[in-house]
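User: Could you take a close look at the aromatic rings in this structure and explain to me, step by step, how they pair up?

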Amino acid sequence: MYLLRTIGLGLLLIVLAGCSLNAEPLSIQEAYDQGLIDLEFKNSGTAGGVLMMIVTGKTDRSIRITIPAGQILDNQTDYHEDMVLIAYEGRLDTPEDTYIQAKSLITKQATARYGVIEAYSLELYAEPGAETDTYAFDGFVDAELQRLVDHLSMQSSEEFVGKQLAIWALTDNPDHDTASEIMQFNEHDLAQARTFLLAAKFDPTDYRLFQE
């Protein structure tokens, strides 16, 4: 029997705020590869707003960190799930905050900034990620999965269970019973996953999750 996955519910409240128009936009990997930031990820679950990025500026340049949909984070712990990034959700003042502020993450030299990323497991049968896991950038998902990911990045983050089911349908093609042993979901979640696949031009009947 598989252990049920811990599903991150995200943080509780979004506070609206503006963003800086003066900061240079760079993807998180570009900023890291150019040596402009120090970077760490903390994982709190399998699906939804589960990745916290801790970004510390290394120069006096102001950079607005962006998250490209489809970016893969390779888990450096053997047998722990790799993650696909979907969207930037917002900023935290401290790692212990219970709400997300709808602010861009703008780097500041020698100061840690905390952001939340909507992300999903790429591997149904891998062990769930742990808070102490470390990650490395590992390119992007393939063209088929990218088509789904691009659609998911424009949908409400509240439907994170349906999003995860749709991703696993493409990556691992589990049947209903196997998926339900690993992650709890209901008929609404299953219907949402079906809707996401249809909208991304996939036929749900091709996947065992939706077969009787």
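Analyst: The structure, which is a predicted model, holds 3 aromatic pairs, where rings of Phe, Tyr and Trp (its six-membered ring) pair if their centres lie within 6.5 Å, and planes under 30 degrees apart count as stacked, over 60 as edge-to-face and the rest as tilted. Y32 and F137 form a tilted pair, with 6.1 Å from centre to centre and 55° between the planes. This pair links distant parts of the chain, since Y32 belongs to helix α1 (residues 28-33) and F137 to strand β10 (residues 135-140), 105 residues apart; helices (H or I, at least four residues) and strands (E, at least two) are DSSP runs, numbered from the N terminus. Y32 counts as partly exposed because its relative accessibility is 40%, given that buried means under 20% relative accessible area, exposed over 50% and partly exposed in between (1.4 Å probe, protein chains only).

The rings of F41 and F137 have centres 6.3 Å apart and planes at 85°, so this pair is edge-to-face. F41 lies in strand β3 (residues 37-43) and F137 in strand β10, so the pair ties together parts that are 96 residues apart in sequence. Both F41 and F137 are buried. Taken together, ring pairs link Y32, F41, Y135 and F137 into a cluster.

Residues are numbered from 1 along each chain as its sequence is written, and side-chain values use heavy atoms, with hydrogens and water left out. In this predicted model, local features need pLDDT of at least 70 and side-chain atom pairs count only at pLDDT 80 or more, while totals for chains, interfaces and linings use all residues.
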